[in-house]
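User: I am new to reading protein models. Can you take me through one, feature by feature?

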Amino acid sequence: MRRFSAFAIAREAFRNHEGWGRTWAKRPPGKRYDVVIVGAGGHGLATAYYLGKNYGITNVAILEKGWLGGGNTGRNTTIIRSNYLQDPSAALYEKARSLYETLSQDLNYNVMFSPRGVIMLAQTHHEVRGYKRTVHANALQGVTTEWIGPQRVKELCPIMNIDGPRYPVLGGLWQARGGTARHDAVAWGYARACTDMGMDIIQKCEVTGVRTEGGRVAGVDTTQGAIDCDKLGIVVAGHSSVLAEKAGFRLPLESVALQALVSEPIKPCMDVVVMANTVHGYMSQSDKGEMVVGGGTDGFVNYTQRGSFHHIEETLRALVETFPMISRLRMLRQWGGIVDVTGDRSPILSKTPVKGVFVNCGWGTGGFKAIPGSGFAMAELMAKGYSPLTAEFGMERFREGRFIDESVAAGVAH
Ligand SMILES: Cc1cc2nc3c(=O)[nH]c(=O)nc-3n(C[C@H](O)[C@H](O)[C@H](O)COP(=O)(O)OP(=O)(O)OC[C@H]3O[C@@H](n4cnc5c(N)ncnc54)[C@H](O)[C@@H]3O)c2cc1C
């Protein structure tokens, strides 16, 4: 794969950019692979990438029923932070955040990581206590966060009304090295690196069945034929329980729609990410100038990538309270994704009852931020059978009652 560099860009500028080549290869599926990953979202691609990079396992196929990055990875609001409460979560999300810092260099692909800072607003006394507790926990975990007062919040985000009539801003949980990245670029960068290692990325290839022999995975049936494999990674977010059923086990997940929307582009007015969990909305400004807005999940299980209309109204009403200047903005686009939510709002990175089958799911409303760390840890689990980062996230925790309760850190916001 040709490396991107200032020199290469200058040279191509003189050649009408005709010498770049494909970002990832298009090949028909092979008959057999050491590892098959189902789902070419960020987590699937990152898992494949670290299998190759860290363990030299490159006879890998990544199968995608739609188009690469077309699931939640290409639909999210790109917030990256690691200020979770429980130790296993903080370790995993902070690993991911730290990998984001150098991901563009690592992949030789600009993922536009922008550590502009994330504020989680406290607008009730309950939130003040909760976030102060998180700051203390983060200090012990080695995650840099800070409790800031309302005046500092206003300095960081002048367009905010901190004296709202219902929910004045009482302070915030501030993570200065949190931020955003370009979601498509994360998927494309990993895909390009996987192709470079000789892996096959096969789009429009839906897995329709999982074949087993003597309790061990033998391969998958797909819309492009049967493929044999030694190990199978199921990394399909909202469709995880559907695939698990095909493999013969159940997952404690609910699939619900989560939606987001963007406004028309306006001049730069906000250079931090703000999450307002009490009024239930969050917002940042994209590089194009659009205000990127997200809210809550639908309250019922479904598989439509849209989201209910009343959520748009609720979210915008909430945000107008905190950011009165957006009241006259027109919204340009709205979309949804199907997120896979667990009871404790923590992911599942796990072996399964079927030998050789692994699952990486349950990221719910907040898995974009975790992509590099999840891929790193999942690859270790699949290659070695154990990873310290995934040890607490096994699916057996629901049977054993060992929950990693992140409902405050992850239940609403992202
Ligand atoms: C509106 C919205 C806003 C969000 N905001 C944030 C945020 O700000 N920050 C954050 O950290 N997270 C956020 N998230 C969550 C985040 O997007 C997801 O947790 C993350 O992208 C999940 O990545 P994934 O690779 O697991 O899943 P996906 O990107 O969904 O990839 C799974 C892939 O599997 C494919 N697939 C499914 N079934 C099959 C099959 N049978 N065969 C082959 N392929 C199959 C799908 O087509 C899909 O492409 C948000 C999500 C949404 C929907």
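**Reading the model**

Analyst: H3 has 15 residues, and from its first C-alpha to its last it reaches 21 Å, close to the 21 Å expected at 1.5 Å a residue. The expected span is 1.5 Å times one less than the number of residues in the helix. Helices (H or I, at least four residues) and strands (E, at least two) are DSSP runs, numbered from the N terminus.

User: What kind of model is this, and how are residues numbered?

Analyst: This is a predicted model: local features need pLDDT of at least 70, side-chain atom pairs count only at pLDDT 80 or more, and totals for chains, interfaces and linings use all residues. Residues are numbered from 1 along each chain as its sequence is written.

User: Which residues of H3 are buried?

Analyst: First the rule. A residue is buried if 20 or more other C-beta atoms lie within 10 Å of its own, exposed if 12 or fewer, and partly exposed in between; C-beta atoms are placed from the backbone. In H3 the buried residues include Ala 90, Leu 92, Tyr 93, Glu 94 and Arg 97.

User: What do the buried residues of H3 pack against?

Analyst: They pack against S3, helix H4 (103–107), helix H5 (125–141) and helix H10 (371–384). Contact has a cut-off too: two residues are in contact if their C-beta atoms, placed from the backbone, lie within 7 Å.

User: How do I read the whole chain?

Analyst: Count the elements, then check the size. The chain has twelve helices and 18 strands. The radius of gyration is taken over C-alpha atoms, and the globule rule is 2.2 Å times the number of residues to the power 0.38. With 414 residues, a compact globule would have a radius of gyration near 22 Å; the chain has 21 Å, which agrees. Buried residues make up 51% of the 414 residues.

User: Which domains does the assignment give?

Analyst: Domain bounds come from an automatic or database domain assignment. Here the assignment gives domain 1 (24–82 + 84–109 + 183–252 + 344–410) and domain 2 (118–179 + 255–341). Their centres, taken over C-alpha atoms, are 27 Å apart.

User: How many residues of domain 1 are in contact with domain 2?

Analyst: 26 residues of domain 1 are in contact with 26 residues of domain 2. On the domain 1 side, strand S3 (79–80), helix H3 (87–101), helix H8 (240–247) and helix H12 (407–410) each give two or more residues. H3 gives the largest share, four residues.

User: Where does the ligand lie?

Analyst: Both domain 1 and domain 2 give residues to the shell around the ligand, so the ligand lies between them. A residue is near a molecule if its C-beta atom, placed from the backbone, lies within 6 Å of it. The ligand is surrounded by 40 residues, and the closest are Gly 39, Gly 41, Gly 71, Gly 337 and Gly 367. Helix H2 (42–55), strand S12 (254–263) and strand S16 (331–341) each supply at least two residues of the shell.

User: Is His 125 buried or exposed?

Analyst: Count its neighbours. His 125 is exposed, with 9 other C-beta atoms within 10 Å. This residue is in helix H5.

User: What is the phi of Lys 204?

Analyst: Phi of Lys 204 is near 50°, a positive value in a residue other than glycine. Lys 204 lies in the loop between strand S8 (200–202) and strand S9 (207–213). Met 112 has a positive phi of about 55°, although Met 112 is not a glycine.
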